[in-house]
Amino acid sequence: MSRVVALVLLCLVVALFALLRKYRAVVVSNTAFKYSYYPASALLVILAVNFLLVALGADRLFFVQQAVYGLSLGSVYALIALGYTMVYGVIKLINFAHGDIYMVGAYAGYYAVTALNLSFVPALVVAMAVSAVTGVLVERIAYKPLRDSPRITLLITAIGMSLLLENLGQKVFTSTPRTYPSMFTGSYNVFGVSVDLSRIIVFVVTILLMLALQYFVTYTKPGRAMRAVSQDRDAARLMGIDIDRVIAATFAVGSALAGAAGVLVGIVFPQIRPTMGVMPGLKAFVAAVIGGIGIIPGAMLGGMIIGVSENLVTAYISSSWRDAIAFGFLILILLAKPTGILGKHTREKV
Amino acid sequence: MLRVEDLHVHYGGIHALKGIELAVGEGQIVALIGANGAGKSTTLNTISGLVRASGGRVEFLGKDITNAPSHEIVRMGLCQVPEGRKIFPEMTVIENLLMGAYIRNDSEEIKADRDLVFDLFPRLKERQHQVASTLSGGEQQMLAIGRGLMSRPKLLLLDEPSMGLAPLLVKEIFNIVKAINQQGTTILLVEQNANMALSIADYGYVLETGRTVLHGPAQELAANEEVKAAYLGG
């Protein structure tokens, strides 16, 4: 395919995409095409990227390779972002200690594998359980007594909890980095792209956890209670929902997901240290905001966007620009859509 | 069934309720009327545990429920349909009704009750899979009442069910409130539309700046000159 043809096709795809967006309401309201809007959008975006790469004369395989690597990093961000977004949903708090819960999960997984000799899945379960308990304890000790205080008090408390956990981590685990034993070696060749087994595992486990979460939130009673509390707290109380229990459950679920992320990151980037939660925590927070804070699919989307763009920036520009681009993305998206990509326009009702 | 004695509430420095007295007997419709800011909604919110009382006593079915947590009060059979509907905007009609039945575990009977609500409000059945925020104001009020019924309350507190609705709809809602009462649910109704409220109620209380100033059988209140002048538009 010549580069000129690719350029023409690119324009065509972009025009199609614009058309699709313009008639979004029509497509979504039609029962037969109801569920085809997002897949169709995704397909068009992939085609657009493909034609753009051909038009630029870039190496498509290299690009796909980097994008796939980005997906596994994005999985980790997305899992952490889910906790931020869920907690924000029920108590409108940015839980800055959340990144450190992820660190606790990584260490719990590490000791489960090295000291208890557990294999991957049991270690993952242990890490999730330990993180869940830590998250609930943090809520119980630090946030619950401040339930009726101004939000800024809670926010500052969260930052304090974060520092406390990091320093406790230094004390308990020492600041020497630990190295996860390699559990998954080998790589597969998929359509000419070589993908490490560990990265496939990360991606697959993340997708499974997200599906489980989606099921939990949509169809189970505690999940529905969680949504009810985030939509209208007083109304939820009038339904007979015990708010304190729902909040504790939200911390447990969100923290368990962060704990899973801690183990998953350990099998791809094996070095763990007590301060490892700071940067990923911040980026996951950015991911949650980009996707629309309080919205679960938004956290997943935001995480993937940050992960993939980070990898692409590292591959094509320079790794020192990586973080600047991630946070630049935040500013750009918030300028265009202050409530995040999937965020709804909320107007204060009088 | 419900007895409120000398109820006081403070919001910060504001003394919002200054000794409310009221009683609701089993099977009755009791109306609570009064102007804006008289303390009607605060009274309901304190009964259902959303607002803390600073003094006085609330008794339901012979038990003291003053300042008990809301979720326990609901379990005892007292359910409030709050002012401004407060439906869950991003849930479907069915999900909202299921939330109403949160305290129950008998899925077969929940389904049966859901069908009863659909019989009462056929419009909700037509829109059962619609997201609640897309309903009209009247439909949202129907949903709020239906959701309240899903907990099978012995006493239903209704806060301003006529708010913001067209006169024809108000009439429809009040007919339904009456029907609900005839099926055996006791009702405590807060209304600004005093005329309507007193026309279906057995007994009425008039609140003024946080105090019960007048009470009596609804027909007597409706005929009372003071009440007529102040709340029934002459």
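**Group meeting talk: a walk through two chains**

Let's start with helix H3 of chain B: the cover over its buried residues includes H9 of chain A, together with helix H4 (107–120), helix H5 (122–126) and helix H6 (137–149) of chain B. Before I go on, please keep in mind that this is a predicted model, in which local features need pLDDT of at least 70 and side-chain atom pairs count only at pLDDT 80 or more, while totals for chains, interfaces and linings use all residues. As for names, residues are numbered from 1 along each chain as its sequence is written, and chains are lettered from A and ligands numbered from 1 in the order in which they are written.

A few words on terms. Helices (H or I, at least four residues) and strands (E, at least two) are DSSP runs, numbered from the N terminus. A residue is buried if 20 or more other C-beta atoms lie within 10 Å of its own, exposed if 12 or fewer, and partly exposed in between, with C-beta atoms placed from the backbone. Two residues are in contact if those C-beta atoms lie within 7 Å.

So how much of H3(B) is covered? Seven of its eight residues are buried. They are B:Val93, B:Glu95, B:Asn96, B:Leu97, B:Leu98, B:Met99 and B:Gly100.

The contact takes 21 residues from chain B and 14 residues from chain A. On the chain B side, helix H2 (70–75), strand E6 (78–81) and helix H3 (93–100) each supply at least two residues. That side divides into 11 nonpolar, six polar and four charged residues. Here Ala, Val, Leu, Ile, Met, Phe, Trp, Tyr, Cys and Pro count as nonpolar, Asp, Glu, Lys and Arg as charged, and the others, Gly among them, as polar.

Now to the sheets of chain B. Strands of a sheet pair through backbone hydrogen bonds, either parallel or antiparallel. In our counting, two strands pair if DSSP finds at least two bridges between them.

One open sheet has four strands in the order E2-E1-E4-E5, with antiparallel pairing. Its edge strands are E2 (14–24) and E5 (63–64), each pairing on one side only. Eight bridges hold E1(B) and E2(B) in antiparallel pairing, and B:Arg3 has B:Ala23 in E2(B) as its bridge partner. These two strands form a hairpin with two residues between them, and B:Gly12 in the turn has a positive phi of about 60°. On to E4: five bridges join E1 (residues 2–11) to E4 (residues 55–60), again antiparallel. There, B:Val4 is partnered by B:Val58.

B:Leu61 has a positive phi of about 55° although it is not a glycine. Is B:Leu61 buried, exposed or partly exposed? It counts as partly exposed, because it has 14 C-beta neighbours inside 10 Å.

The other open sheet has six strands, ordered E6-E7-E8-E3-E9-E10, with mixed pairing. E6 and strand E10 (211–217) stand at the edges with a single partner strand each, so one side of each has no neighbour in the sheet. E6(B) and strand E7 (residues 155–159) pair in the parallel sense over four bridges, and B:Val81 finds its partner in B:Leu158 of E7(B).

Between E6 and H3 of chain B there is a loop that holds B:Lys86. B:Lys86 has a positive phi of about 50° although it is not a glycine, and it counts as buried because it has 20 C-beta neighbours inside 10 Å.

Finally, chain A. Its domain assignment gives domain 1 (1–58) and domain 2 (74–282); such bounds come from an automatic or database domain assignment. The centres of the two domains, taken over C-alpha atoms, are separated by 35 Å.

Back to H9 of chain A. Helix H9 (residues 221–231) and helix H11 (residues 243–268) of chain A pack at an angle of about 105°, with axes 10 Å apart. That makes H9(A) roughly perpendicular to H11(A). Axes are lines fitted to C-alpha atoms, for helices over the stretch in contact, and angles run from 0 to 180 degrees between N-to-C directions. Under 35 degrees counts as roughly parallel, over 145 as roughly antiparallel, 65 to 115 as roughly perpendicular and the rest as oblique. From H9(A), A:Pro222, A:Ala225, A:Met226 and A:Val229 meet A:Ile243, A:Val246, A:Ala249 and A:Thr250 in H11(A).
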